[in-house]
Amino acid sequence: MLRFPPWKITLVTLIAVLGFIYTAPNFFSKDSLSGLPGWVPQSQIVLGLDLQGGSYLLLEVETDALYKERLQTLRTDVRNTLRQLDDPRVRFRVRQTNEGVTVVLNDAGDQERSMAALEELSSFVDANLFGGLPEKDLVITAEGVDTIGVTFSEAARVSMSQSAVSQSIEIVRRRIDELGTTEPTIQRQGENRIVLEVPGLDDPRRLKDLLGQTAKLSFHLVDRSMTAAQAQATRVPAGSQILPLSNTEPPQGVLIERRAMLSGENLVDAKASFDQQTNEPIVTFRLDTSGANRFGDITTQNVGAPFAIVLDDVVLSAPVIREPILGGSGQISGGFSVKDANDLAILLRAGALPAPLTILEERTVGPGLGADSVAAGEIAAIIGFAAVVLYMGLAYGLFGWFANVALVTNVMLIGAVLSVLGATLTLPGIAGVVLTIGMAVDANVLIFERIREEVKAGKTPLVAIENGYNRALGTILDANITTFIAAAILFQLGAGPVRGFAVTLGIGILTSVFTAFTLTRMFVALWYKSRRPSALTV
């Protein structure tokens, strides 16, 4: 047990030295590290929202708006399906309600075959939602002799909601990452809520602006049968709508066709740039292969026609197609500022939200409060560390000071692992570090007490040390493994502060086992080899 070959001594020493090296950047400012060579470790511990300040938002996915949008699509699908029936004499009216779509037939005899045709629209949803039983997404019922009701099933609504929340979380993450912030925390809460914490963000208004837009991009042909003013004065033509034109004073409208010629789903990249002729900020975009082909066909067939670019029911611009655009790329202009162009590019790159997000709760933590939390945590850690060091030195003498050196190394290794992994340190995480300081010497206490028992039993120093480490190993592993399992469960099931505590506790347990057992054993082995004491004082 006390045999330490040179390679093992080298390995243990190297791990300890690397711990100090990778922890060192945390004692310097980021500006002082920027001038160092690239091979020098520069990673620092990422402070959480409660330590460095930032923004906290509680968001709700508006699934009702998503359901309404899906009903509009369902209404179009129902109308198109019935129009494709072989018998052109089938006449019907389709109207949308809050719960579904209602079809009123002119002839009651057409009800059976119309329902059969509508059944083809239905498909199966995730069978795991309702006890593994297959569920269709549409419920089609006869409401009277000449009326058909079409609505989404409960399984379809649940699947729709779950998918919208999951997709929203991913898109929110993409948008936040584009801001260049470090380690945002994005978690689901309940059925349709999202908790968002962005440490270090000094412009929460910009964050809310980015998340407040659904960012659904589409391209529409402008209806040239009449102007928007004429349509407002008389009646908007069927299949068209009036949308506001952005950045216009007084506000102006544009009459466009409802049917989107191309959607933002085909967008693969968007960047802020400047127009080479006017030098105004613009956004350039690039489409995928299918989108590029579709875009080329549209612009070829509509040369000379105005083409509206719509974002969230607002017309950004409506340029006239001068010539076919075959390269799959284009530009969006609309009187943007540089910041607006950058934000629009971020939104387009991240993709559109499936449903709008509503901000239910907003909190801003100032850096002053975070600094107070850091200072309080440092004081607690220093007091706890000093108390443990003093106790170990007084209680176990030289062996206690071996344990104290290992304790310092342990704290440095925790800092190194947090820095390398880029893990976020929160205020509960500091509590985990303080707890680890107290727990780190438990293994040494067990070992030293075992050695004392062996000495009292009359064993020689070598036998006492060997038996002390051998017999304490099993107890040490059992205690730390069970605690580590608890930390893993807290990390998996917990959220926010609980996970921050679990991270530092779990890392602390791993480093404690190494420093308390292996490192102190190496110190004791080297000391015994050099001194060969005839008696032990522990």
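This is a predicted model: local features need pLDDT of at least 70, side-chain atom pairs count only at pLDDT 80 or more; totals for chains, interfaces and linings use all residues.

Trainee: Is Ile-21 buried, partly exposed or exposed?

Mentor: The relative accessible area of Ile-21 is 39%. Buried means under 20% and exposed means over 50%, with partly exposed in between, so Ile-21 counts as partly exposed.

Trainee: Which element gives the largest share of the lining of the largest pocket?

Mentor: The largest pocket holds about 2000 Å³ of space, and of the 47 residues that line it, Glu-69, Gln-72, Thr-73, Lys-216 and Arg-258 are the closest to its centre. Several elements each supply at least two lining residues, namely helix H4 (63–83), helix H6 (154–178), strand E9 (217–221), E10, strand E13 (267–274) and helix H10 (338–350). The largest share, eleven residues, comes from H4.

Trainee: And for the largest cavity, which element gives the largest share of the lining?

Mentor: The count comes to one cavity of 30 Å³ or more, and the largest cavity holds about 30 Å³ of space. The elements that give two or more residues to its lining are H11 and helix H15 (497–531), and the lining itself is formed by Ala-403, Ala-406, Leu-407, Asn-410, Ala-440, Val-441, Asn-444, Thr-515 and Ala-516. Four residues, the largest share of that lining, come from H11.

Trainee: Turning to the strands, which residue in E11 is the bridge partner of Ile-242?

Mentor: Strand E10 (residues 240–245) and strand E11 (residues 252–257) pair in the antiparallel sense over six bridges. In the hairpin that they form, six residues lie between the strands, and Asn-247 takes a positive phi near 55°. Within this pairing, the partner of Ile-242 in E11 is Leu-255.

Trainee: In the hairpin of E7 and E8, which residue in the turn has a positive phi?

Mentor: Strand E7 (residues 185–189) and strand E8 (residues 193–199) are antiparallel and pair over five bridges, with Gln-189 bridged to Arg-193 in E8. Three residues lie between the two strands of the hairpin, and the one in the turn with a positive phi, of about 70°, is Gly-190.

Trainee: How many salt bridges are found in the whole structure?

Mentor: Side chains of opposite charge can pair when their charged atoms come close. The cut-off used here is a side-chain nitrogen of Lys or Arg within 4 Å of a carboxyl oxygen of Asp or Glu. A search of the whole structure on that basis gives a total of ten.

Trainee: Which helix contains both Glu-449 and Arg-452?

Mentor: The side chains of Glu-449 and Arg-452 meet in a salt bridge, at 3.3 Å from N to O. Glu-449, at 31% relative accessibility, counts as partly exposed, and so does Arg-452, at 25%. The two are three residues apart and therefore separated by about one helical turn in helix H13.

Trainee: Which residues are joined into one network with Glu-454?

Mentor: Glu-454 and Arg-471 meet through their side chains in a salt bridge of 2.6 Å, N to O. This pair links distant parts of the chain, with Glu-454 in helix H13 and Arg-471 in helix H14 (residues 461–493), 17 residues apart. Glu-454 is buried at 5% relative accessibility, whereas Arg-471 is partly exposed at 45%. Salt bridges that share partners join Glu-454 into one network with Lys-459 and Arg-471.

Methods
Residues are numbered from 1 along each chain as its sequence is written. Side-chain values use heavy atoms; hydrogens and water are left out. Buried means under 20% relative accessible area, exposed over 50%, partly exposed in between (1.4 Å probe, protein chains only). Two strands pair if DSSP finds at least two bridges between them. On a 1 Å grid over the protein atoms alone, a cavity is a set of points where a 1.4 Å probe fits but cannot get out, and a pocket is an open set with protein on both sides within 12 Å along at least five of seven lines; lining residues have an atom within 4 Å of a point. Grid points are joined across faces, edges and corners, and a volume is the space filled by probe spheres set on the points.
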